[in-house]
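Student: I should like to learn how to read the features of a protein model. May we go through one together?

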Amino acid sequence: VCISPVLTTITGETEVGLSITDLPGILLASLGFLIEVVADDQKRVHRESYGAEAFINSGLWRFSRHPNYFGEILFWFGIVLLALPAMSGVGYMSATVPIFVYFLLTRVSGTVLLEKAAKRKWGNDPLYKDYVNETPLLWPKIK
């Protein structure tokens, strides 16, 4: 499902040149990918330094409890913007991919499972409670 905007573009019959959505698409996809990679690396380094028993609330994780998922959604939104000019007919359905990814990460797996596990693990820790109360689940809050 997620790759459908790319497939729509590749298999489309219309040849498309540069468009007004290319630069924003490239910027959003690149930014999303960068956020995802940096957040995952920060978590890896944190676990190596403090172990899996300590929750992370530094780096990008101080702005969002799941910055890597935020990056994932931005990435797919950028991909859709890039693919948009080549879409036609039912191909426009693939433009819903960011919504699908958001739904999957916030309602089916992703944050749902991780938040439950975190609550079991750190739910009684006052620092964790403060972190949850002050830090948005997904969309970053610049402090």
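Student: Is arginine 44 buried, partly exposed or exposed?

Tutor: Buried means under 20% relative accessible area, exposed over 50%, and partly exposed in between (1.4 Å probe, protein chains only). Arginine 44 has a relative accessible area of 39%, so it is partly exposed. Please note that this is a predicted model, in which local features need pLDDT of at least 70 and side-chain atom pairs count only at pLDDT 80 or more, while totals for chains, interfaces and linings use all residues. Residues are numbered from 1 along each chain as its sequence is written, and side-chain values use heavy atoms, with hydrogens and water left out.

Student: Which side chain does arginine 44 meet in a salt bridge?

Tutor: Side chains of opposite charge can pair when their charged atoms come close. A salt bridge is counted when a side-chain nitrogen of Lys or Arg is within 4 Å of a carboxyl oxygen of Asp or Glu. Here arginine 44 pairs with aspartate 41 at 2.6 Å, N to O. Aspartate 41 is partly exposed, with a relative accessible area of 34%.

Student: Where do arginine 44 and aspartate 41 lie?

Tutor: An α-helix has 3.6 residues a turn, so residues three or four places apart point the same way. Both residues belong to helix α2 and are 3 residues apart, about one turn of the helix. Helices are DSSP runs (H or I, at least four residues), as are strands (E, at least two), and they are numbered from the N terminus.

Student: How many helices and strands does the chain have?

Tutor: The chain has 6 helices and 0 strands. Buried residues make up 35% of its 143 residues.

Student: How many salt bridges does the structure hold?

Tutor: There are 4 salt bridges in the structure. One of them joins the side chains of arginine 65 and glutamate 115 at 3.1 Å, N to O. Arginine 65 lies in the loop between α2 and α3 and glutamate 115 in helix α5, so this pair ties together parts that are 50 residues apart in sequence. Both arginine 65 and glutamate 115 are buried.

Student: With which residues is glutamate 115 in contact?

Tutor: Contact means heavy atoms within 4.5 Å. Apart from neighbours within four places in sequence, glutamate 115 touches Arg65, His66, Tyr128 and Leu137.

Student: Which buried residue has no salt bridge?

Tutor: For such a search, Lys and Arg count as positive and Asp and Glu as negative, while His and the chain ends are not counted. Aspartate 22 is buried yet has no salt bridge, and the nearest side chain of opposite charge, arginine 107, is 30 Å away. Aspartate 22 lies in helix α2 (residues 22–50). Leaving aside neighbours within four places in sequence, aspartate 22 is in contact with Gly17 and Leu82.

Student: How does one check the span of helix α3?

Tutor: The expected span of a helix is 1.5 Å times one less than its number of residues. For the 17 residues of α3 (residues 67–83) this should be 24 Å, and the end C-alpha atoms are 24 Å apart, which agrees.

Student: What are the dimensions of the chain along its principal axes?

Tutor: The C-alpha trace spans about 55 × 25 × 25 Å.
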